[in-house]
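Thank you all for coming. I would like to walk through one protein with you today, so please have the sequence and the model in view while I talk.

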Amino acid sequence: MSKFIIFSTIVLSVLTLAYYYFVEKLENVETQKYVVEKEDGQIELRTYKQSIIARTTIEGDYKEASGAGFRKLAGYIFGRNKEDKKIAMTSPVWMSTDGQNSEMHFIMPSEYDMEELPDPVDNTVVLDSFNGGRYAAIRFGGYANDEKIELYQQKLALWLLENNYNASGDSFYVGYNSPFKIYNRRNEILIALK
């Protein structure tokens, strides 16, 4: 019996260490920079600089489109491009949805300019510019789903209305973590400001 307990303890320890090493490796990526102008609890007003993005559009809401969109963009950065070039993953992943169609963006590493990035093989993946600008952000934890996204969009829209900020109408779900991370997940809703 004691051999079984020792063996189980060793296996559990090895699996735990492997999990944390794997998740830490996936989480240790370049994060898109922004400047915080104002904080109010879990809400921030931010300014983002211009970036280069890879984007794709998929049919469906968050639940239906997030996996397919991620696979297309991950394929591009993992070498499914005209130069078979691998590009580092960054954080966060941006996504917008109207319930029928969703668009997902990967921010390209800051070391690249548009001319240095290889052309996608998949014609549904497009390299483009993210113009940056001012955004209101609200943070939430756990795993995202359509209900949480809608709830936090409503909370942020109400805060903007109560504090006399004008939204441009553009709203994004922004996810920072790999799907393998279980604890301390970081998700945000961003609404562009006029």
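Let me begin with the word contact, which here means heavy atoms within 4.5 Å. Among contacts in the protein chain between residues at least 6 apart in sequence, 71% join residues at least 24 apart. Please keep in mind that this is a predicted model, in which local features need pLDDT of at least 70 and side-chain atom pairs count only at pLDDT 80 or more, while totals for chains, interfaces and linings use all residues. Residues are numbered from 1 along each chain as its sequence is written, and side-chain values use heavy atoms, with hydrogens and water left out.

Now to the overall layout. Helices (H or I, at least four residues) and strands (E, at least two) are DSSP runs, numbered from the N terminus, and the protein chain has three helices and eleven strands. Read from the N terminus, the order of these elements is α-β-β-β-β-α-β-β-β-β-β-α-β-β. For burial, I use buried for under 20% relative accessible area, exposed for over 50%, and partly exposed for what lies in between, with a 1.4 Å probe and protein chains only. On that scale, 40% of the 194 residues of the protein chain count as buried.

Let me turn to the aromatic rings. Rings of Phe, Tyr and Trp (its six-membered ring) are paired if their centres lie within 6.5 Å, and planes under 30 degrees apart count as stacked, over 60 as edge-to-face and the rest as tilted. By this rule there are 14 aromatic pairs. One of them joins F70 and F106, whose ring centres are 5.3 Å apart and whose planes stand at 65°, so the pair is edge-to-face. This pair links distant parts of the chain, with F70 in helix α2 (residues 62–77) and F106 in strand β7 (residues 101–107), 36 residues apart.

Next, some places in the loops and strands. The peptide bond from S91 to P92 is cis, with omega near 0°, and P92 is in the loop between β5 (90–91) and β6. D84, in the loop between α2 and β5, has a positive phi of about 50° although it is not a glycine, and D84 counts as exposed at 64% relative accessibility. N184 also has a positive phi, near 55°; N184 lies in the loop between β10 (167–175) and β11 (187–193) and is exposed, at 70% relative accessibility.

Finally, consider E39, which belongs to strand β2 (residues 34–40) and counts as exposed at 58% relative accessibility.
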